Amino acid sequence: MAQKASANRREEVTLSRTLGLFSITMIGVGGMIGAGIFALTGIAAGEAGPALILVFALNGVVTTMTAMAYAELGSAFPEAGGGYLWVKEAIGGAQGFLAGWMNWFAPAVAGSLYALTFGRFAAELFVMADWLPFGLSVEQLTLALMTLVIALFTVVNYRGASETGKIGNVVTMTKILILGLLVLFGIAAMLGTAGWQERFTVDFLPEGLLGVAVAMGLTFIAFEGYEIIAQSGEEVVDPKRNIPRAIFIAIGIAVSIYILVGLVSIGSVVPPEGLAVHEYLGAAKEVAIVEVARQTFPWGMGALVLLLSGLASTMSALNAATYSASRVSFAMGRDHNLPTIFAQVHPVRHTPYWAVLLSGLLMLLMAWLLPIEDLAAAASIMFLLLFLQVNVAVLLLRRKRPDLERGFKIPWFPAIPVIAILCNALLAVYLFTFSPIGWYFAIGWIIVGLLAYYTYFSRMEAMEKPKEILLEEVLISREYSVLVPVANPQQARILGGIGAILAQDQGGELLALHVVEVPPQLSLGEGRLFLKEGRANLDEVIRQGKARDVPVHTIIRLGRTTHEAVTKTALENASDLIVLGWPGHTSTAGRLFGSVIDPIIDNPPTDVALVRIRQRRPLRSVLVPIVGGPNSRKAVQLAVAMAEEGEEGPATVKLLHVLPPHAREATRVRAQRAMNELLEGIDYEHVETMLVESNSVVEPVVECGNECDLIVVGATEEPLFKNLLVGRLTERIARQAKVTVVMVKRRSGALKSWVRQTLLEPTVPKPLE
């Protein structure tokens with residue numbers, strides 16, 4: 001069925017690994033503790049009131065749930081690109097492109113917010129000094145300083161990750177120190193304020209839960225930043241260990257600081273007469289936290305110190321956002337989802353310098369176009385939609401790629417990703433009530449991206465993507481198709497013969513498939529070297545088809561994993577049945593039938609017949625044990641098709657139903673009726689039905705089966721939210737019988753398939769007793 005390809009490794013455009021645990025954690029903390037906590041604390045307080053601390057705590061919970069997805073996938077895919085790569089791997093197509101498109105826009109817009117906040121704080125310093133240079137107004141000075149700081153950190157990121165990390169570490173440690181002083185002085189001031197407890201007990205939810213939801217959505221941008229850790233996986237030392245650790249450390253530091261800042265902001269500030277604290281902070285907007293520092297710091301230095309901290313915070317966050325946007329756009333350029341100029345790496349500095357420069361220009365453009373509230377809303381919406389996609393991706397990849405080596409796995413799976421998806425969606429919807437303009441910009445960016453993808457980038461992606469199908473030959477196309485994946489001549493002879501019988505019965509064709517399995521470190525194109533070696537297997541299937549006058553459609557296909565290549569072929573060719581062979585054992589740990597068969601029959605794309613191959617006998621009788629469910633009906637149909645082609649004339653089909661000892665007459669009547677119903681519509685005379693009493697189902701089936709030449713048994717019907725491969729009874733019959741056993745399983749329905757792809761992990765077999 002599959003063959004490993006090996007060749008010289010291709011040259012790739014990659015980045016150097018220079019970031020340790022401390023540096024990458026500081027980049028994450030720097031990305032989180034930025035303009036959000038400084039610019040949005042006052043605005044969020046105006047929306048939520050004293051429940052501001054609840055807003056920060058709940059956002060911490062929602063963030064941690066999504067961060068688990070980033071930790072799992074970041075440790076499994078330590079490459080530049082982060083969420084974009086994961087969604088592309090899990091879903092692909094337009095959704096994959098859209099994830100990257102939003103993942104580029106979101107940190108760029110966040111960077112605009114950080115730069116604009118920096119400009120406003122820096123302008124406030126000039127106001128405090130009573131000097132506005134060149135006669136500029138505060139607004140003009142803010143925009144000028146904003147432009148300068150974007151240019152500065154574009155140059156810093158152009159120089160390289162090590163310079164980026166060193167400067168970011170210093171800036172991040174500085175702002176953590178200053179915010180720590182704000183919390184200490186704020187707690188002291190709060191404890192000295194009469195009746196401060198009442199601020200948290202009286203009118204705690206002035207705008208109700210809706211105000212909390214709006215404030216959560218608005219400040220959610222303050223909780224992003226940890227994803228930058230995963231996006232920089234290609235530059236992290238020991239990424240499987242360091243990426244999950246850095247993500248959770250960064251979130252723990254940031255959320256603790258946010259809750260404490262929210263506590264002292266509400267508890268320590270003395271508002272003007274007639275105003276509640278949250279109303280006063282809401283009116284102050286982005287400089288509200290400066291007022292908190294002014295009232296809490298000793299020696300009248302609070303405003304100056306807080307402004308300096310705000311400058312440090314916004315700079316480190318801008319540094320992280322520039323880094324993030326450039327790495328995502330670099331990955332998209334490398335995948336031909338953006339112009340290839342984005343994928344160019346500086347020959348000396350080893351940085352994606354064009355991605356850095358163009359991301360800086362995008363930040364500058366957005367900062368000049370939108371006011372600060374709408375910038376925050378647009379960035380939060382983009383991050384929420386991206387995080388929703390990432391949680392869907394972790395659900396899909398847990399099933400599609402169970403082979404990945406994960407440094408961290410989400411506990412209580414799939415509950416946590418599902419809850420995270422719902423929370424992200426609700427917060428994004430609630431943001432429309434605060435900033436329709438932010439939603440309009442987000443929708444506009446998505447529409448532009450989809451137009452760009454369908455008109456240009458999808459074609460570029462298809463042109464650059466290596467063709468998976470090396471050889472395809474079609475003589476006559478028939479409506480009914482039996483897919484037979486083959487790996488060696490013996491398998492081709494046995495499975496080709498069975499497939500030809502079943503195709504002939506339906507007036508259909510054989511689809512013979514040979515997969516060349518290409519390891520991840522090689523390009524798919526390198527598998528072409530093995531084109532000739534798969535040809536012999538297909539020729540044997542062709543001989544089996546000719547013997548029964550059945551047309552054969554042949555394909556040699558490249559693939560990363562054989563089971564994915566088989567599934568893709570079945571779906572692309574609308575196959576009606578897949579015939580798989582199993583020798584009765586597997587060398588793959590944690591698998592029942594093997595790494596190829598298990599994923600296919602776990603969620604079959606079409607009907608599957610799994611053949612436990614034994615020594616071939618002339619076909620005179622076929623046993624069909626009745627286990628109940630729609631798979632039994634399919635087993636009877638397949639058994640009759642096989643029996644009609646017996647070597648010595650039509651073979652006898654024997655239906656066997658095992659009853660408990662001393663079964664009542666009513667039970668025997670129901671069992672006989674069940675067998676008769678399975679035979680309805682089947683025009684075949686050589687059929688016998690048998691009722692046997694036994695304490696064991698398997699023993700009489702194996703005993704009767706060994707007296708026949710073939711056993712055909714349907715898989716046990718599986719509940720909606722539980723995965724079974726073929727069922728324990730069916731598996732034991734296949735292992736213990738001395739004749740060939742064909743296990744039949746119908747394709748998954750649409751609902752079952754979706755549940756198995758997203759909510760359930762792949763089946764892990766238990767040892768037989």
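Is Arg-557 buried or exposed in this structure? At 2% relative accessibility, Arg-557 counts as buried, where buried means under 20% relative accessible area, exposed means over 50%, and partly exposed lies in between (1.4 Å probe, protein chains only). The structure is a predicted model, in which local features need pLDDT of at least 70 and side-chain atom pairs count only at pLDDT 80 or more, while totals for chains, interfaces and linings use all residues. Residues are numbered from 1 along each chain as its sequence is written, and side-chain values use heavy atoms, with hydrogens and water left out.

Arg-557 takes part in a salt bridge with Glu-572, with 2.9 Å between the closest N and O atoms; a salt bridge is a side-chain nitrogen of Lys or Arg within 4 Å of a carboxyl oxygen of Asp or Glu. Because Glu-572 belongs to helix H22 (residues 562–572) and Arg-557 to strand E5 (residues 552–559), the pair ties together parts that are 15 residues apart in sequence. Helices (H or I, at least four residues) and strands (E, at least two) are DSSP runs, numbered from the N terminus. Glu-572 is partly exposed, at 49% relative accessibility. Salt bridges that share partners also join Glu-72, Arg-398 and Arg-406 into one network.

Across the whole structure, ten salt bridges are found. Side chains of opposite charge can pair when their charged atoms come close. Arg-294 is partly exposed at 41% relative accessibility, whereas Glu-291 is buried at 13%. In helix H21 (residues 531–547), Arg-535 and Asp-539 are four residues apart, about one turn of the helix, and their side chains form a salt bridge at 3.2 Å, N to O. Asp-539 is partly exposed, with 30% relative accessibility.

The nonpolar residues were then examined. In soluble globular proteins, nonpolar side chains tend to be buried together. A nonpolar core is a set of buried Ala, Val, Leu, Ile, Met, Phe, Trp, Tyr and Cys residues joined through side-chain atoms within 4.5 Å. The largest core has 156 residues, and those with the most contacts inside it include Tyr-70, Trp-104 and Ile-247. Helix H6 supplies the largest share of this core, 20 residues. A second, separate core of 49 residues includes Leu-538 and Leu-655. Apart from neighbours within four places in sequence, Ile-247 is in contact (heavy atoms within 4.5 Å) with Ala-67, Tyr-70, Ala-71, Tyr-226 and Ile-229.

Helix H6 also holds Ser-112, which is buried at 0% relative accessibility. A polar atom of the Ser-112 side chain lies 2.6 Å from the backbone oxygen of Met-363. Beyond residues up to four places away in sequence, Ser-112 touches Leu-362, Met-363, Met-366, Ala-367 and Leu-375.

Met-128 is located in helix H6 (residues 93–128) and is partly exposed, at 42% relative accessible area. Together with Trp-299, Met-301, Leu-304 and Leu-308, Met-128 makes a nonpolar surface patch of about 540 Å². Patches are made of residues with over 30% relative accessible area and no salt bridge; like charges are joined within 9 Å and nonpolar side chains (Val, Leu, Ile, Met, Phe, Trp, Tyr) within 5 Å. Accessible areas come from the Shrake-Rupley method with a 1.4 Å probe, and for residues only the protein chains shown count as cover.

Technical notes
A polar contact is a pair of N or O atoms within 3.5 Å; within protein, one must be able to donate a hydrogen and the other to accept it, and residues adjacent in sequence count only if both atoms are side-chain atoms.
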